[in-house]
Amino acid sequence: MSGVRKRNVTKPSSQSVASKISKGSKKSSSFSTPQLIGIVSALVLGILLFCPLEVFDFFLAKNQKIVRVKYEVPEFVPTDFVARNEVEEESFELYKKARIVDNEDVYDSHEKVSWNDFNIRKYINAGRVTNKKDAYKTAAFNQLVSDDIPMDRNIPDTRLGSCPSQEYPSEGLPTTSIIITFHNELRSTLLRTIVSVIRRTPANILKEIVLVDDASSDPNVGMELIKIEKVKLIVNRERQGLIRARIRAAMVATGDTLTFLDSHVEVNRNWIQPLMQRIQQNPKIVVAPIIDVINKDTFKYIGADAFLTGGVSWAMVFRWDWLTQRGTSTMDHTRGLRSPTIAGGLFSISKAWFHELGEYDDQMDIWGGENIEFSFRVWQCGGEMEILPCSRVGHVFRDEHPYDFGKKGSNNVFVKNNNRFVHTWMDEYTDFYYGTRPNAKSIEPGDLSVREHFKEKLQCKGFKWYLENVYPRQYVPERNSVAWGHAKRGEHCLNVFPTKSNKSGVYGQLGAANCNQGLNNPSYQDMDKQQLVLKKFTGLFQQPVQMKDGKYVNKCFGTPDTTPTDGAKVILADCVSNAEVREANSHQRWNYVGTNIKLEDFPHLCLDGSDLGSFRVRTCTGSDSQQILWEMLNI
Ligand code: UD2
Ligand code: MN
């Protein structure tokens, strides 16, 4: 189970970001081929964008009777931000534009039916595919399987401990608006999401379901659904990305709380009550369910591990952290787990608190980073975050984005989103982010004045406070280092193999092994045998080793003899600290030159990983086995 959860962590590693980019860009480039198609689609787009509403409605509602209800969007009160120059003025305009929803873009129907009176078969059939080749085309998960699974299928109750016997008040809990944004979602996964919500949420809590169609290519996918009880639809005529799409939904929503869901989930038994109950106790808490896994090939529903909280790497990639104390058998599942971050897709928050916090950063595009930004903001500005193990929602995880990211490509979008919040929330710790992502420096974050305004207004705390109080397990890199973190030789990570030898002062042999840090390894812990640092000034190449008293002390890599020879092993040993005589530790002083780690006083000797289990120093040759790439450089 845990392996599955881990593999399906919601954000990709840098490599999978790269693979997504190539896929994304391929996809978008195919649009431009025959010019004729280009011209025709531009015309259609033009008509859709600028036509009067009736024409637009006609396009959307061609084959169905939609009797539209005029929907009154609640009045928007902008923040009291005062722009000091034109750039800030522009930011404020963007802020307002993202939050003013035209009544005409909100759809509802007079002819509501309950979900089981909705013509499900007709709705699904309108989008079916017939062959295997197309099964993954729209959504990067198996449409052939999904389309045949009942909308109201039963899923296993995956709650643990005393959750199943927990009783919740049948009245008096806050109401919620479910917010689901989608871009080219499968009809079957979207409808199954909605049906599961209606079936498994008490009617007095479920205020409404606000869908946002983020400019999907088939407008009927969303439009046909407004017939279903409680469903409303906002149409984005231009693609906004999930972040602005969610802001728009929040402006329209009227529940006491907002509950965000992805468009391919199934909620489990009594999923909403724990979330609502907790917000009722603490209006500034953001609560998330455990995210179970719906397999993208088989659609099998699998319970996820309950012992994980949300974390983040210095590259600002979301990750799951295992609970440090594995109180697994004694864990009280009815209690929330404080979580430094959330995965982003599934959570509830009081509507008032969401607005007070400034919703989301409207200058973030398409996908990515908003969950980490939101997590930092919530904590730093006086809120809290918890995962509530009694609440479970299954999500179809996939390996790639099926949609395109526009002209700039997914990497640029993702990095820009990250850069924006890194500057707003991380103070001097931005160094560590840029240390792991040196290329990110070339992408401008853009104007941050409106975000800063919220930060000041809410008197938010600094990142140091966040690290110390919310995420103390995050390993803070050592400043004054040339390189830091995991170091790779090819696919493998430099790793210490503890020595059995009794020789005192020697802790291990340097070699390389499968990388611990990564999406595939559930046993990844923050501190591990792959955490290294190459110090500035002293040239010491070190790893912290846990001593008997539990404290970590840096030990040094070097050759066993003070005069290294070609082929000598590289071991982790006590540092030779009495270096008044320079030569005393010349077997422990290193330089990082290009991609080689060389002994400073013996620059012809390079760290060599020809033998994965036992690294040595050997004459520098420039071969692959001597190339070492670090996680973080030049802090
Ligand atoms: C995860 C989150 C997702 C979001 C994202 C980071 C979970 C389960 N999912 O990504 O909610 O926080 O990390 O940004 O934690 N969509 C749009 N417009 C777009 C692109 C996407 O509306 O331009 C919709 C999409 O149809 C889906 C939702 O946004 O319903 C999230 O997108 P995703 O499923 O591709 O993201 P995921 O699960 O990889
Ligand atoms: Mn998703």
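Contact here means heavy atoms within 4.5 Å, and buried means under 20% relative accessible area, with a 1.4 Å probe and protein chains only. Helix 11 itself spans residues 272-281, and its buried residues are I272, Q273, P274, L275, M276 and I279. Helices (H or I, at least four residues) and strands (E, at least two) are DSSP runs, numbered from the N terminus.

A word on the source: this is a predicted model, where local features need pLDDT of at least 70, side-chain atom pairs count only at pLDDT 80 or more, and totals for chains, interfaces and linings use all residues. Residues are numbered from 1 along each chain as its sequence is written, and side-chain values use heavy atoms, with hydrogens and water left out.

Further along comes helix 16 (residues 449-457), with S449, V450, R451, H453, F454 and K455 buried. Its buried residues are covered by helices, including helix 5 (86-99), helix 12 (351-356), helix 13 (370-380) and helix 14 (409-425). Just after helix 16, Q459 takes a positive phi of about 50°.

Then there is an open sheet of four strands, in the order 21-22-23-24, with antiparallel pairing. Strand 21 (590-593) and strand 24 (616-619) are the edge strands, each pairing on one side only; to count as paired, two strands need at least two DSSP bridges between them. Within the sheet, strand 22 (residues 596-599) and strand 23 (residues 602-608) pair in the antiparallel sense over two bridges, and L599 stands opposite F602 in strand 23.

Definitions and conventions:
Chains lettered and ligands numbered in written order. Buried < 20%, exposed > 50% of the residue type's maximum accessible area, 1.4 Å probe, protein only.
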